[in-house]
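These are my notes for a colleague who is meeting this structure for the first time. Please keep the view open while reading the numbered points.

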Amino acid sequence: MENEYFSHIRKKIKKVLDKDRYRHTLGVASTAVCLAMRYEVDLERAKLAGLLHDCAKCIPDKKKYELCTEFHISLTETEKHNPSLLHAKLGAYIAREQYGITDQEVLDSITWHTTGKGDMTTLEKIIFIADYIEPGRTKQKNLALIRKMAFMNLDEAMYLITRDTLEYLSKTSAPVDEKTREAYEFYSELHNNKTEELK
Ligand code: DGI
Ligand code: FE
Ligand code: FE
């Protein structure tokens with residue numbers, strides 16, 4: 001699957017990431033391809049979004065803010081105070097401007113990969129979930145269950161991940177972005193409706 005185009009993108013991304021982030025990126029791309037097979041999504045779009053999802057991650061925080069201002073990227077209140085959230089929107093911008101990506105769903109998958117949101121497309125969910133379960137991840141709780149669920153039902157995997165992320169954020173007392181909450185509310189509602197149906 002590594003044709004000239006992908007080889008070009010991979011080499012370009014390797015130059016702007018540190019070693020661990022590059023390894024994580026390859027893990028997300030290959031996991032996204034596996035999920036794309038399972039859910040009948042175009043494999044190349046999944047690979048591209050996986051390769052580029054963290055393309056802005058290794059830019060120093062101060063520079064991230066400067067670039068967001070320069071590129072007129074509008075930030076939520078939470079993003080203004082949490083540099084760790086900025087690489088998602090900034091990454092989508094850079095993917096379009098510096099990597100020539102025009103596929104809007106690929107760009108949106110990059111935009112929403114950190115917080116999620118309500119009612120995501122299949123590709124958006126695949127990138128969000130692949131980011132959480134790629135083989136290099138080890139620390140999150142329920143990881144074995146979530147990895148299994150990712151290949152059974154994307155919406156249920158979204159529910160488990162957003163639930164655990166909110167729990168984790170509440171422990172660290174980091175402010176929760178409105179989109180992170182929206183994602184949890186949307187997927188917990190789907191989960192509750194399904195549980196209700198089974199009664
Ligand atoms: O870039 P990665 O490390 O691969 O993963 P990511 O883009 O999903 O970022 C993960 C971090 O983002 C994780 O530490 C939790 C954090 N995060 C997700 N939603 C929110 C959040 N942090 C804050 N402060 N608020 C949120 O709503
Ligand atoms: Fe990220
Ligand atoms: Fe990531």
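This is a predicted model: local features need pLDDT of at least 70, side-chain atom pairs count only at pLDDT 80 or more; totals for chains, interfaces and linings use all residues.

1. The residues concerned are His72, Ile73, Ser74, Lys89, Ala92, Tyr93, Arg96, Gln104, Leu107, Asp108 and Thr111, with α6 and α7 (104–111) each supplying at least two of the lining residues. The space in this second largest pocket comes to about 180 Å³.

2. The largest pocket has a volume of about 1,200 Å³, and 36 residues line it, with Tyr132, Arg137, Gln140, Thr165 and Tyr168 lying nearest its centre. By class, the lining of the largest pocket divides into nine nonpolar, 13 polar and 14 charged residues.

3. Turning to the metal site, the iron ion (ligand 2) is coordinated by Asp54 through OD, and by His87 and His113 through NE2, at 2.1 to 2.2 Å. Along the sequence, the donor residues of this iron ion (ligand 2) follow the spacing D-x32-H-x25-H. Asp54 also bridges the iron ion (ligand 2) and the iron ion (ligand 3), and these two ions lie 3.5 Å apart. Because aspartate 54 sits in the loop between α3 (43–52) and α4 (61–70), while histidine 87 belongs to helix α6 (residues 83–98), the pair ties together parts that are 33 residues apart in sequence. Both aspartate 54 and histidine 87 are buried.

4. As for the chain as a whole, it has 11 helices and zero strands. Its C-alpha atoms fill a box of roughly 50 × 40 × 30 Å, taken along the principal axes. A compact globule of 199 residues would have a radius of gyration near 16 Å, and the chain, at 16 Å, therefore agrees with that expectation.

5. Two further values describe the packing of the chain. Of its 199 residues, 49% count as buried, and among contacts between residues at least 6 apart in sequence, 61% join residues at least 24 apart.

Note on methods
Residues are numbered from 1 along each chain as its sequence is written. Chains are lettered from A and ligands numbered from 1 in the order in which they are written. Side-chain values use heavy atoms; hydrogens and water are left out. Donors are N, O and S atoms within 2.8 Å of the metal (3.2 Å for Na, K and Ca); water is not among the atoms, so sites may look incomplete. Helices (H or I, at least four residues) and strands (E, at least two) are DSSP runs, numbered from the N terminus. Buried means under 20% relative accessible area, exposed over 50%, partly exposed in between (1.4 Å probe, protein chains only). On a 1 Å grid over the protein atoms alone, a cavity is a set of points where a 1.4 Å probe fits but cannot get out, and a pocket is an open set with protein on both sides within 12 Å along at least five of seven lines; lining residues have an atom within 4 Å of a point. Grid points are joined across faces, edges and corners, and a volume is the space filled by probe spheres set on the points. Ala, Val, Leu, Ile, Met, Phe, Trp, Tyr, Cys and Pro count as nonpolar, Asp, Glu, Lys and Arg as charged, and the others, Gly among them, as polar. The radius of gyration is taken over C-alpha atoms; the globule rule is 2.2 Å times the number of residues to the power 0.38. Contact means heavy atoms within 4.5 Å.
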